[in-house]
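Could you walk me through this structure, one selection at a time? I have it open in a viewer and would like to know what to click on next.

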Amino acid sequence: MNATIDPARRPAWFIVGTDTGVGKTFVSCALLHALRQRGLSAIGMKPVASGTDDAGNNEDVDALAAASSVEAPRALRNPYCFAPAIAPHIAAAEAGVDIELERIVAAFNELRTLADATLVEGVGGFLVPLGDEIDGANLAVALDLRVILVVGMRLGCINHALLTHEVLSARGLRISGWVANRIDAEMPRFTENLQTIARLLPTPLLGIVEHGVTPQAAAAALTLPL
Ligand SMILES: Nc1ncnc2c1ncn2[C@@H]1O[C@H](COP(=O)(O)OP(=O)(O)OP(=O)(O)O)[C@@H](O)[C@H]1O
Ligand SMILES: C[C@H](N)[C@H](N)CCCCCC(=O)O
Ligand SMILES: [Mg+2]
């Protein structure tokens, strides 16, 4: 790691998806590998996770840790984790927990000191509530990071990509680019859909992640907006 660079100036992105299950974790892992292939140390964060196995582990948190080149305490990588795989504000309410943005920002700031680059995976789609007063957009704004939008390429994604981009812009976020993730191997007219989104989204296409590749292999197809 290049410890001479002020942590606040090290590259970091907030990974937003067009929905839950569109490949935010998958693409985040690919981006972590892409950073590492460039010789940078990299770490992933999942501030709010829901859904654990019997041992209390969450798939996203574990996948990001496996793709990271730096180890860090789970409390920093994942400040909030709830057992049921449900909307996080409902899981938090059931657990009697208030999700606090300040706690997430503090964890992120500490995590950022440990690696050259940091990726933060959002929760579900961009406007998922995190409590009565806050949502995913508030989290992205509080972290003040550039955003990478993961578009899960399936029927309906054009509208989801445009809606998400509009809200990102309305919240004043800087958008580094988008990634086309082929979650549906059989998507009819994939190329035409890709071209439509590329034409309508005023942000660069950072790469296409093919269906069924490993995150390591997908890394080679990604341009890092460093
Ligand atoms: N390019 C791909 N090829 C094959 N499978 C993929 C691809 N991208 C994602 N998947 C699979 O699709 C599922 C959803 O992906 P992923 O968990 O990354 O979505 P997510 O947006 O992070 O979801 P969540 O909102 O739960 O965090 C996972 O089983 C993942 O392995
Ligand atoms: C459990 C799942 N994998 C995600 N972590 C949470 C997705 C919440 C979606 C809420 C919604 O938009 O309706
Ligand atoms: Mg995920």
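At roughly what angle do the axes of helix 7 and helix 8 cross? Select residues 157–170 for helix 7 and residues 190–200 for helix 8: their axes cross at roughly 20° and come within 10 Å. Angles under 35 degrees count as roughly parallel, so helix 7 and helix 8 are described as roughly parallel to each other. The crossing of helix 7 past helix 8 is right-handed. Now show side chains. From helix 7, Cys157, Ile158, Ala161 and Leu162 meet Asn193, Thr196, Ile197 and Leu200 of helix 8. Sorted by class, this contact holds six nonpolar and two polar residues, with no charged ones. Please keep in mind throughout that this is a predicted model.

Switch to a cartoon view and look for the open sheet of six strands, paired in parallel and running in the order 2-5-1-6-7-8. Strand 2 (42–45) and strand 8 (205–209) are at the edges; each has a single partner strand, so one side of each lacks a neighbour in the sheet. From one strand to the next, the twist averages 20°.

For a closer look at one pair, select strand 6 (residues 146–152) together with strand 7 (residues 175–181), which pair in the parallel sense over six bridges. Within that pair, Val147 has Ile175 of strand 7 as its bridge partner.

**Helix 5 against helix 6**

Helix 5 brings Leu101, Ile104, Val105 and Phe108 to the contact, while helix 6 brings Asn138, Leu139, Ala142 and Leu143.

Which residues are the closest to ligand 1? Of the 16 residues that surround ligand 1, the closest are Thr20, Gly23, Lys24, Thr25 and Phe26. The shell around ligand 1 divides into four nonpolar, nine polar and three charged residues. Helix 1 (residues 24–37) supplies the largest share of that shell, three residues.

While helix 1 is selected, bring in helix 2 (residues 59–67). Helix 1 and helix 2 pack at about 15°, their axes 9 Å apart, which makes helix 1 roughly parallel to helix 2. Their crossing is right-handed. Helix 1 contributes Thr25, Ser28, Cys29, Leu32 and His33 to the contact, and helix 2 contributes Asp60, Ala63, Leu64 and Ala67. In this contact you will find five nonpolar residues, three polar and one charged.

**Last stop: ligand 2**

Finally, centre the view on ligand 2. Around it, select Thr20, Ser50, Gly51, Ala85, Ala87, Val123, Gly124, Gly125 and Val128. What does the shell around ligand 2 hold in nonpolar, polar and charged residues? The shell has four nonpolar residues, five polar and no charged. Strand 5 (residues 117–125) gives the most to this shell, with three residues.

Terms used: Residues numbered from 1 in each chain as written. Chains lettered and ligands numbered in written order. Predicted model: local features only at pLDDT ≥ 70, side-chain atom pairs only at ≥ 80, totals over all residues. Near = placed C-beta within 6 Å. Helix = DSSP H or I, 4+ residues; strand = E, 2+ residues; numbered from the N terminus. Nonpolar A, V, L, I, M, F, W, Y, C, P; charged D, E, K, R; others polar. Pairing = 2+ DSSP bridges. Axes fitted to C-alpha atoms, helices over the stretch in contact; angles between N-to-C directions. Contact = placed C-beta atoms within 7 Å. Parallel < 35°, antiparallel > 145°, perpendicular 65-115°, else oblique. Left-handed = near helix turned anticlockwise from the far one by under 90°.
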